Every structure is written in C-alpha cells, then in structure tokens.
Amino acid sequence: MLPGRRGGPALDVPSLVARARTWDPRAVGRLISMVENAGPELREVAAALAPHTGRAQVIGLTGPPGVGKSTTTTALVRSLRARDRRVGVLAVDPSSPFSGGALLGDRVRMQAHSGDRDVYIRSMATRGRLGGLAPATPQALRVLDAAGCDIVLVETVGGGQSELEIASLADTTLVLMAPGMGDGIQAAKAGILEVADIFVVNKADREGADQTVGDLRAMLSLGGRHAEPGAWRPPIIKTVASQEGDSGIDEVLDRLDEHRAWLASSGEGHRRRTDHVRREIEAIAIAGLRERLGNVHWSATLSSLAASVVAGETNPYRAADDLLGAL
Ligand SMILES: Nc1nc2c(ncn2[C@@H]2O[C@H](COP(=O)(O)OP(=O)(O)OP(=O)(O)O)[C@@H](O)[C@H]2O)c(=O)[nH]1
Ligand SMILES: [Mg+2]
C-alpha cells in the first residue's frame, strides 16, 4: 500500500490504474510520478498498465528553440478538443514551460487546462540530462494511453539527439521550421529530414515562409527514405499557430489522420512500434547491467582481472568474457 498524498486515501497500484482508467487526473498524475521517480512500484505499474495500452496515437513535435512548438501544441489541443478527442500532452523540457495561449504552466497548473477535463498536461523532468528525453517518457505515455487518451502530443526541444529520440517513441513526428531558419535547415543534420513525417512551417505570417517551404521541398527531392517506392511523402504545411481561426492547424490534424491511416495500411505503424519497444527493452537491460557493473563485487573482480592482464596471464577479451560470466 502507498500512503495517500495530502491526506487522501492510501491506494495500491491496481486501484490507481483502475482510477486512471476512469480518467481520474490525480491517479494519472500519481502513476506518472511513480514511473518518473523509478521507485519500487515501477515494475508493478508497468505490468498493470500493459493490458490497457496500444490505442493512443503518439505525436512528437520537435524543431529549433522558439519555432513555436508550445504554441502549436496549444493550437492542436484546441482543435482536437473541437473534434472531441481526449488529449494528453507531455512537455519534455522543463526549462521551457508552456507560455502561449491557454496552456499555462508548471507541473501543478498544467493539470487543469482551464477546467477542461479531457486534456491532461504534464511536464517531464529530464533529470539533469542535456537535451534528450526523460527516460520515463515511454512509461508516461503508457499511463496516458491506458487512461484513455485518443492522442498524446510530446513536445521536445530540437537539436542534438532529441529529434532522433522523439522519433523513437512517436507514431508520427512533426518537425517545425519557421521563416528565416534556412540556415538552420542546412545546419540540421540529415536526421531532422529523415525523421519528419510532417513538416510544419510555422510563423507563416512572417516574410520568407514560401522560401522555407521551397528549401524543404528541394531538400526532400534529394532522396532519402521518403523517395523509396510506397514511402510516405511528408507534406509541408504552413501554419500561424499564434492565430485562432484559419491558421493551418486543421490541415495539420487532417494530415495526422492520413498518416495514421497510412501507418495502419502499410504495416509501418506496427513495425515502428515494435522497433521502439525493442530499443526500450535494450535500454532497460543495459541500465540493469550498468547497475550491476557498479557494485563492489564487480569492481573487485575487474581489478583482479586487470592485474592478470597486466601480468600477461590473460588477455582483455578473455578477461571481459570472465567478467560477463561472473554476472
Ligand atoms: N508571429 C508568430 N509568432 C508565433 C507563432 N507561433 C508562435 N509564435 C511566437 O513565438 C514565440 C515562441 O513560441 P513557443 O511556442 O514558445 O516556441 P517553442 O518552440 O515552444 O519554444 P521553446 O520550447 O523555447 O523551444 C512566442 O512568442 C510565440 O507567441 C506564429 O505562428 N507567428
Ligand atoms: Mg516550448
């Protein structure tokens, strides 16, 4: 049993999952905290969620700092609510809280979304990692999935590893650009072009949006995975996320629906998910190995093997085999 927070009733993991499945935001929040803290309940939570997952569509948003990811997320939530979809938002960059529009906030305020009970918003701590996603992100997604989200939007700051990481957990990856970032496109590693399923040229109210669209088109025409037969051709959509009404956001949603249908009909959706989980299992296993590597017994064994190699009694490969054998 877990002690109830703020004097609430004590709840065990199965009860929390049952409550989360009725879309109780406090239960959802507690479960996400549990996976985020990687506490003793982590495995039990993962096991309890497993039968209830696989339904939500996971959308990753990435792009250079300030391009309008949070504003676009806000606008997407608004349109999704208008289409009566239940939405979860994970913002994986606590240094950049939501500032635009109605989605304000810190970890507490985010849960309210001006009283709209069908939106759940949460920021994830990156635990001191530079960029990149919080390791608990896949589990947090499962909590939201099990809780009945139709769609989960994951915002992460672009640059470095994170656009590759976002593509390794999203069904569909949106890459945002803005006018005047042409150099940024050039500078971006081929990675950003490879991971994009949909390009959004935001801030289309500014000069140079057509130029940016043209630059992207030119770059896409150079080949890559999108050029293969039967491949998905990433559309390029101009948006003004900061504006209500005719902002291009509804077109983004239409394309998201199309991409979802393509993922299903081509088999790519299943292939992607399997690939993502493969990596996740591998990461968990490697973290487990690291943990064992860190224990005293291990380092004593390592020291004595190192001494044997130095003394010419054995070689490093043989020593490494012995070390792994000792696990
Ligand atoms: N003119 C214009 N400004 C926009 C548009 N979309 C967003 N902005 C503004 O651009 C600024 C940055 O927007 P954010 O949504 O915070 O950008 P972000 O990509 O989330 O930023 P980081 O999370 O810090 O990387 C804000 O001042 C927004 O109001 C747009 O379509 N047109
Ligand atoms: Mg942001």
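How do the residues of the lining of the second largest pocket divide into nonpolar, polar and charged? They divide into 8 nonpolar, 5 polar and 9 charged. The model is predicted, with local features requiring pLDDT of at least 70 and side-chain atom pairs pLDDT 80 or more, while totals for chains, interfaces and linings use all residues. Residues are numbered from 1 along each chain as its sequence is written, and side-chain values use heavy atoms, leaving out hydrogens and water.

**Second largest pocket**
- This pocket (an open set of points on a 1 Å grid over the protein atoms alone, with protein on both sides within 12 Å along at least five of seven lines) has a volume of about 460 Å³.
- Of its 22 lining residues (those with an atom within 4 Å of a point), Glu 194, Arg 225, Glu 268, Arg 271 and Arg 272 are the closest to the centre.
- Helices H6 (162-167), H8 (190-195) and H11 (268-293) each supply at least two lining residues; a helix is a DSSP run of H or I with at least four residues, numbered from the N terminus.
- H11 provides the largest share of this lining, 6 residues.

**Largest cavity**
- The structure holds 1 cavity of 30 Å³ or more, a cavity being a set of grid points where a 1.4 Å probe fits but cannot get out.
- The volume of the largest cavity is about 30 Å³, where volume is the space filled by probe spheres set on the points, joined across faces, edges and corners.
- Among the residues lining the largest cavity are Gln 57, Ile 151 and Asp 257.
- Helix H10 (residues 249-266) gives the most to this lining, with 3 residues.
- The lining of the largest cavity comprises 4 nonpolar, 1 polar and 3 charged residues; Asp, Glu, Lys and Arg count as charged, Ala, Val, Leu, Ile, Met, Phe, Trp, Tyr, Cys and Pro as nonpolar, and the others, Gly among them, as polar.

Key
Chains are lettered from A and ligands numbered from 1 in the order in which they are written.
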